[in-house]
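Let's take a walk through this structure together. Have the viewer open and follow along.

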Amino acid sequence: MEVKNARAAMLSNYEVFKLLTDLKEQRKDSGKNKHSIGQQNLNTIMYETLKYLSKTPCSRQSPEIVKEFLNTMMPHKLTKAEKLMLLNHRPQTAVEIQLLVEESEERLSEEQIEELIQIVSDALPGDPEQENADAEMEVAGEQS
Amino acid sequence: MFVLVEMVDTVRIPPWDFHKQLNVAIAEELNKKLANKVVYKVGLCICLYDITKLEDSYIFPGDGASHTKVHFRYVVFHPFLEEILVGKIKYCSQEGVYESLQQPAKFDEAEQVWLWEYETDEGAHDLYMDQGEEIRFRVADEVFIDTSPTGPAAAATDTPAQPGQSTAPPPEDSGEKKEAPYTLIGTICEPGLGLLSWWNN
């Protein structure tokens, strides 16, 4: 076996998530040989990866969302790796942005960081449970 | 976190699988060979992405199976250096020992288990890293250990010029110490890293 190119392309979490869910559907339909010894490894890795990915923001994304996100990111001059990390992590605080973007103090002003946070929370859907919990906390704060 | 790796391999289809469509049979064989296995210097293989080229199939004398050279792309888990990842603490060793902030945490990746092993607490604040907590860390280094069985005479010395020629065998059939074929060394000594709960209030 020969490896021609160890880094042919980078994949976002969403792409892998979609690939695995499609594969799972296919295997469910074909039925018979899922449990043969050879397929056990594939089952295991698919299960573990899907379990992990379904808890990340990528499970709520779609191709249109990703395209729109990348279009809005274009004027900000971020590297491919940084945009990928923003897409995978969906940062909500300035600290997270500073972590994901290299030398963010020099490259981005505070307004730009705020703008990035805004774009991220608008373009990428968040966790509905967490947003409900936040909304409840806000209401409780106002009442007290 | 995931990359596409282009590979070439000769796939053997046994005669009892000849009724299947060639693409399907090849996909199954490739997944059987690579899924959930660590390829030396490449990463943990997840699943087949697509087949880019199928060359002619040959049958060799003495073996009824067909052999086909396949060019394909595989989805591999291989975070790049400096990438930020979120993991979960599975267990920690030597909990309760206070030391400076500079201690890195170790992320062991065996074939089936995501292990978190951290050695120290932060000395400055009493912040415990409990089991089951989610942690954000930056990849500082990666270690590939070649766990293929060594011959009786010399130890195997795999140079970086031979990537992908040894897939790690499952731990059950080696009598030696179980070493993780692929380990990620991470760091949490930066603002924003460490337990998610430290930063999310």
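Which exposed residues does the face of H7(A) turned away from its buried side carry? They are Glu110(A), Glu111(A) and Asp122(A). Keep in mind as you look that this is a predicted model.

Helix H7 of chain A runs over residues 110-123, 14 residues in total, and it reaches 20 Å from its first C-alpha to its last, close to the 20 Å expected at 1.5 Å a residue. Buried in H7(A) are Ile113(A), Leu116(A), Ile117(A), Ile119(A), Val120(A) and Ala123(A). These residues sit on the same side of H7(A) because they cover an arc of only 160 degrees around the axis.

Next, find the largest nonpolar core, which has 74 residues. Within this core, Phe2(B), Tyr74(B) and Phe77(B) touch the most other members. Strand E1 of chain B (residues 2-13) supplies the largest share, 7 residues. Chain A takes part as well: domain 1 (13-55) and domain 2 (61-128) of chain A both give residues to the core, so it lies between them.

Finally, a word on confidence. The model scores ipTM 0.83 and pTM 0.75. Chain B has a mean pLDDT of 70, with 64% of its residues at 70 or more.

Technical notes. Residues numbered from 1 in each chain as written. Chains lettered and ligands numbered in written order. Predicted model: local features only at pLDDT ≥ 70, side-chain atom pairs only at ≥ 80, totals over all residues. Heavy atoms only, no water. Helix = DSSP H or I, 4+ residues; strand = E, 2+ residues; numbered from the N terminus. Expected span 1.5 Å × (residues − 1). Buried < 20%, exposed > 50% of the residue type's maximum accessible area, 1.4 Å probe, protein only. Arc of directions from axis to C-beta. pLDDT = per-residue confidence, 0-100. Core = buried A, V, L, I, M, F, W, Y, C linked by side-chain atoms within 4.5 Å. Domains from an automatic or database assignment.
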